[in-house]
Each structure stands twice: as structure tokens, then as C-alpha cells.
Amino acid sequence: MADESVQREALVAAVENVAARIESEKSHLTDLDSAIGDADHGNNMHRGFQAVAEKTDEFEGMDVDEIVKTIGTTIIGNVGGAAGPLYGGSIMTASQELEGGITAETSVAFAEAYLEKVKDRGDAPVGAKTMVDALTPAVHTYKKSVEHDDLPPLTALAKAVDAAERGVNFTVPLRASKGRASFLGWRSVGHQDPGATSTLFILEEILDTAGEYLEGETDVEAVAESAPDEDPEEAQ
Amino acid sequence: MIGLVVVSHSAKAAEGIRDIAAQMGGGDARIEPAGGDGDDGEGIGTDANRIGEAVDAADDGDGVVVLVDLGSAVMNTELALEMTDAEAVVADAPVLEGALNAAVETTSSKATLDSVVESAEDAREYRKLND
């Protein structure tokens with residue numbers, strides 16, 4: 001895949017795209033959270049990702065895993081509520097998987113480690129009306145697409161975003177059994193989960209950013225060069 | 001001496017619980033409040049960094065027991081404990097009653113991390129009315 005400096009540039013672009021998206025969806029997320037939570041998800045996420053966007057100057061010279069870890073710790077320090085530890089803490093833990101850079105293989109490992117940490121931290125199974133409902137199908141789809149179907153990472157990511165979107169829709173008719181919304185019992189039914197929604201927004205921006213970089217840097221020859229390098233290793 | 005940390009979504013609640021528990025501990029207990037969110041702690045919420053600082057402040061080397069209120073207080077505390085070197089554990093107890101019990105236990109000469117957690121968790125059994 002792309003060399004380290006391009007990966008760093010792509011991470012900065014991803015952070016900026018996610019921050020801009022969260023900014024434009026701030027009141028949307030807050031509206032979703034005021035229906036079944038404490039109405040702070042939009043502001044919290046906005047504050048956190050603005051702080052991350054302001055840190056991108058420091059990324060220069062850092063390794064990719066270190067950059068991702070910094071994104072996690074910055075979110076922890078700036079996002080309140082459960083979203084801080086769930087997003088920030090999980091990114092921080094999963095960043096270890098990106099040592100040596102982002103490849104198809106390490107990105108699957110990152111996604112799996114992230115999902116595992118979110119589920120463990122939140123103690124939430126699928127179907128509790130939380131971000132896990134968007135994240136689980138996305139991560140499973142990504143892993144399967146890369147490892148089993150041998151799809152290029154960008155295609156796999158697009159499928160993962162589709163799966164996340166279906167997961168977000170799936171939260172609407174569920175009764176919340178975790179998080180603040182669980183205090184509402186049956187009144188939580190009929191509302192879309194804010195954490196699942198912000199998870200989807202972030203994945204959509206990562207997909208857009210990956211599209212720019214993977215298409216931008218790969219002419220046909222480059223694809224032919226890098227693909228055989230990665231796939232045989234995984235198949236062994 | 002084993003330290004205590006009181007984690008609440010409200011800085012005022014954390015400080016108030018600390019005051020009540022400190023009175024029960026006879027003024028000797030080491031209790032740090034870690035409540036609220038945002039730079040000034042004025043917001044309602046919990047903050048892993050603030051909790052981590054309180055744990056370090058409460059620790060004199062003997063370890064720390066953390067009392068928590070709801071939801072993200074638990075998650076932020078777990079995250080804070082992953083980032084600190086102090087030996088610290090979360091008690092699964094009601095925050096106010098647990099803090100009182102724990103404060104009394106920490107001032108005992110035989111107190112251990114386990115005994116303080118156990119005292120805090122005994123508070124789950126408290127009834128307020130004799131029905």
C-alpha cells in the first residue's frame with residue numbers, strides 16, 4: 001500500500017473530513033440524543049473532533065500507529081460521556097495493530113481490535129440499540145470481504161459502510177438495554193441510536209478519504225504491483 | 001493508607017459525597033472527588049483524565065478503591081485505571097453509601113484493598129425503610 005508519508009497525509013485528510021462531517025451533523029446528532037439520551041452527543045463529538053483536527057500539525061514525523069493513538073487520547077481528553085472512552089479508548093487500544101503502517105491485513109486487525117474493545121468496554125451485545133449495532137456488521141463485512149472474498153480494501157470498506165448503514169436502521173425499532181436510553185424502556189423504541197449514527201458518519205468519511213487516496217495514488221500498474229505482495233501472505 | 005476516589009457526573013455531587021464520607025472516616029481517610037466534565041468540571045459528565053489524576057492523588061502506594069455513579073462513570077474509570085500505574089479497583093456499590101462504608105474501613109489498621117472493596121459492596125444490601 002501507500003508509503004508512510006502518504007498514509008500520514010491520508011490520516012490528516014480523514015481527520016479533517018470526519019471533523020467537518022461531525023460539525024455539519026452536530027445538531028442532527030444532538031436531536032437524536034435528546035430523544036433518548038442526554039442531548040450532548042453532537043456537542044461532545046464536535047468538541048472532540050475539532051480538538052483532533054487542531055492536533056494534525058503534530059502528526060508530522062510520527063509513525064502511523066502513533067498518530068492513531070494520539071487521535072484516541074485526544075478524543076478521551078475532549079469527548080464527554082460514554083463516547084470518550086468508547087471512541088477514544090478503543091482507538092487508542094486498537095492503534096497497536098497499525099504498527100508498521102496500514103495494510104489490508106493491519107486494517108482488518110485494527111477493526112477487529114476496535115470492535116472488541118467497544119463491546120468489552122460498553123458490555124453491549126448486538127441488539128442493545130448502541131453503536132455496536134452499526135459497528136459489528138461493518139467490521140464483520142470488512143473482514144470477510146478482505147480475507148475471504150479477496151476484495152480490494154476500498155471495495156471491502158464500501159461494503160462495510162453499507163452494512164453499518166443497515167445496522168443503524170436496525171437500531172430504530174429496538175428497545176434500548178444499554179446506555180442512558182435504557183432508562184426510558186419502551187419509550188426508546190422508534191428512535192435511531194445516536195452512537196450508531198455517528199459511527200456510520202465516521203465510516204462514511206473514512207471511505208471517502210480512502211477513495212481519494214487509493215484512487216489518487218494507484219494507477220493500474222501500482223495496483224498490480226501491490227496486490228500480489230499482500231494477498232499471498234494472507235493466504236498462507 | 002488505602003485511598004478512595006468518588007466519581008460522579010456532577011462535581012458538586014462528588015465533592016459532597018467526599019465531605020460526608022470524610023466525616024465518617026474521622027478526617028483521616030484519603031478521599032479525592034472526581035466529578036463533572038469539561039475543563040472546569042462544570043459540565044455534567046465524567047472525564048477519564050480527571051479520574052486518573054484523582055486516583056494518583058489518592059494513592060500513597062497502598063492502592064485506591066474507586067466509587068462510581070452511572071454509565072460513563074464506569075467506563076471512564078476503567079479507562080483511567082488502564083492508564084495509571086496505581087493499584088486501583090472499582091467497587092460495585094452505590095456511590096454514597098459505598099463511599100461511607102469504605103471510608104470507615106480505610107481507617108482500620110487491618111484494612112486491605114479487598115476489605116475496603118468488600119465494605120463498599122456491603123452497602124448494596126442497605127434498606128432505607130423497615131418494611
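**View 1. The interface of chain A and chain B.** Between chain A and chain B about 1100 Å² is buried, 58% of it given by carbon and sulfur atoms; buried area is the accessible area (1.4 Å probe) that two parts lose on being put together, summed over both. On the side of chain A, Ile76(A), Pro85(A) and Arg121(A) lose the most area to chain B, together 42% of what that side buries. The model is a predicted one, in which local features need pLDDT of at least 70 and side-chain atom pairs count only at pLDDT 80 or more, whereas totals for chains, interfaces and linings use all residues. Residues are numbered from 1 along each chain as its sequence is written, chains are lettered from A and ligands numbered from 1 in the order in which they are written, and side-chain values use heavy atoms, with hydrogens and water left out. In contact across the interface (heavy atoms within 4.5 Å) are 16 residues of chain A and 13 residues of chain B.

View 2. The rule finds three salt bridges across the interface of chain A and chain B, each being a side-chain nitrogen of Lys or Arg within 4 Å of a carboxyl oxygen of Asp or Glu. Arg121(A) and Glu82(B) meet through their side chains in a salt bridge, at 2.9 Å from N to O. Helices H3 (41–54), H4 (64–78), H5 (83–94) and H6 (104–122) of chain A each supply at least two residues of the side that touches chain B; helices (H or I, at least four residues) and strands (E, at least two) are DSSP runs, numbered from the N terminus. H5(A) gives the most to this side, with four residues. The residues of this side comprise six nonpolar, six polar and four charged, where Ala, Val, Leu, Ile, Met, Phe, Trp, Tyr, Cys and Pro count as nonpolar, Asp, Glu, Lys and Arg as charged, and the others, Gly among them, as polar.

**View 3. Helix H2 of chain B and its cover.** In H2(B) (residues 48–58), Ala48(B), Arg50(B), Ile51(B), Gly52(B), Ala54(B), Val55(B) and Ala58(B) are buried; buried means under 20% relative accessible area, exposed over 50%, and partly exposed in between (1.4 Å probe, protein chains only). The cover of these buried residues includes H4 of chain A, together with strands E1 (3–8), E2 (30–35), E3 (64–68) and E4 (88–91) and helix H3 (72–83) of chain B. At the start of H2(B), a side-chain oxygen of Asp47(B) comes within 2.8 Å of the backbone nitrogen of Asn49(B).

**View 4. The loop between H6 and H7 of chain A.** Asp123(A) lies in the loop between H6 and helix H7 (132–148), and Lys129(A) is found in the loop between H6 and H7 as well. Although not a glycine, Asp123(A) has a positive phi of about 50°; for Lys129(A), also not a glycine, the positive phi is about 70°. Asp123(A) is exposed, with a relative accessible area of 52%, whereas Lys129(A) is buried, at 1%.

View 5. Thr171(A) is in helix H8 (residues 153–171) and is buried at 0% relative accessibility. Leaving out residues up to four places away in sequence, Thr171(A) touches Lys129(A), Thr130(A), Asp133(A), His191(A), Gln192(A), Asp193(A) and Ala196(A). Ala160(A), also in helix H8, is buried at 5% relative accessibility. Beyond its neighbours within four places in sequence, Ala160(A) is in contact with Ala138(A), Thr141(A) and Tyr142(A). The C-alpha atoms of Ala160(A) and Lys143(A) are separated by 8.8 Å.

Notes: A polar contact is a pair of N or O atoms within 3.5 Å; within protein, one must be able to donate a hydrogen and the other to accept it, and residues adjacent in sequence count only if both atoms are side-chain atoms.
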